[in-house]
Amino acid sequence: MITLDSELTNKFYVYHEMEEALAPLGFTLADNWDYDHGYFDYKIDNHDGYLFLRLPVEVMGGFMDSPTDSTMVKIKEPFLLYHQFQDEIDDHVREGNFRASIDQFQEPKDRDAQFPKEYVEAGKQVLQEAEHVLRAQRDK
């Protein structure tokens, strides 16, 4: 994981406005959100795994599970994250057709692998684009 300095850190946004501004850039709300926090992820590349720019948000008013026009979030420090794929067969496979239909994917080999240096600049550029669109959205 590599943390990135950003003008977005500790800024407040209306959740749905932030989501609308970031979606055209390719950001999506990560699956591992909870009622009080979440992550907007941008997949930079597949490099034996997934390389992400992640914008963590903390809910300051309202809830992530039922956002309203007034749900406020605070952006935490952005970071680059690398989920590295398994090299071998998943050793935690559960047998059975029903289980296989649900549990199709293996766990990453390393959820916080060393982020490849050649992709750091790409992550910083995407962060600059996010800063630009959110600044423009705020200035409306």
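Me: Which residue in E4 is the bridge partner of threonine 28?
Reply: Aspartate 41 is the bridge partner of threonine 28. Strands here are DSSP runs of E with at least two residues, helices are runs of H or I with at least four, and both are numbered from the N terminus. This is a predicted model, where local features need pLDDT of at least 70, side-chain atom pairs count only at pLDDT 80 or more, and totals for chains, interfaces and linings use all residues. Residues are numbered from 1 along each chain as its sequence is written, and side-chain values use heavy atoms, with hydrogens and water left out.

Me: OK, and in which sense do E3 and E4 pair?
Reply: Antiparallel, over two bridges, with E3 covering residues 28-29 and E4 residues 37-46. Two strands pair if DSSP finds at least two bridges between them.

Me: What does aspartate 41 stand opposite in E5?
Reply: Arginine 54. E4 and E5 (residues 49-61) run antiparallel, joined by nine bridges. Further along, glycine 38 has valine 57 of E5 as its bridge partner.

Me: How many residues sit between E4 and E5 in that hairpin?
Reply: Two, and aspartate 48 in the turn has a positive phi of about 55 degrees.

Me: Back to valine 57, what's its bridge partner in E6?
Reply: Isoleucine 75. Glutamate 58 has lysine 74 of E6 as its bridge partner. E5 and E6 run antiparallel, with four bridges joining them.

Me: How many bridges are there between E5 and E7?
Reply: Six, again in the antiparallel sense, with E7 at residues 79-84. One example is leucine 51, whose bridge partner in E7 is tyrosine 82.

Me: And E2, how many bridges join that to E6?
Reply: Three, with E2 (residues 12-14) and E6 (residues 72-75) running antiparallel. Valine 14 has methionine 72 as its bridge partner there.

Me: Switching to helices: at what angle do H1 and H3 pack?
Reply: About 130 degrees, with the axes of H1 (residues 15-22) and H3 (residues 120-138) 9 Å apart. Axes are lines fitted to C-alpha atoms over the stretch in contact, and angles run from 0 to 180 degrees between N-to-C directions. H1 and H3 are therefore oblique to each other; under 35 degrees counts as roughly parallel, over 145 as roughly antiparallel, 65 to 115 as roughly perpendicular and the rest as oblique.

Me: Which residues make the contact?
Reply: Glu17, Met18, Ala21 and Leu22 of H1 meet Ala130, Val133, Leu134 and Gln137 of H3, where contact means heavy atoms within 4.5 Å.

Me: Any aromatics, I wonder. How many aromatic pairs does the count come to?
Reply: Four, pairing rings of Phe, Tyr and Trp (its six-membered ring) with centres within 6.5 Å; planes under 30 degrees apart are stacked, over 60 edge-to-face and the rest tilted. Tyrosine 15 and phenylalanine 40 have ring centres 5.9 Å apart and planes at 35 degrees, so this pair is tilted.

Me: Where do those two lie?
Reply: Tyrosine 15 lies in helix H1 and phenylalanine 40 in strand E4, so the pair ties together parts that are 25 residues apart in sequence.
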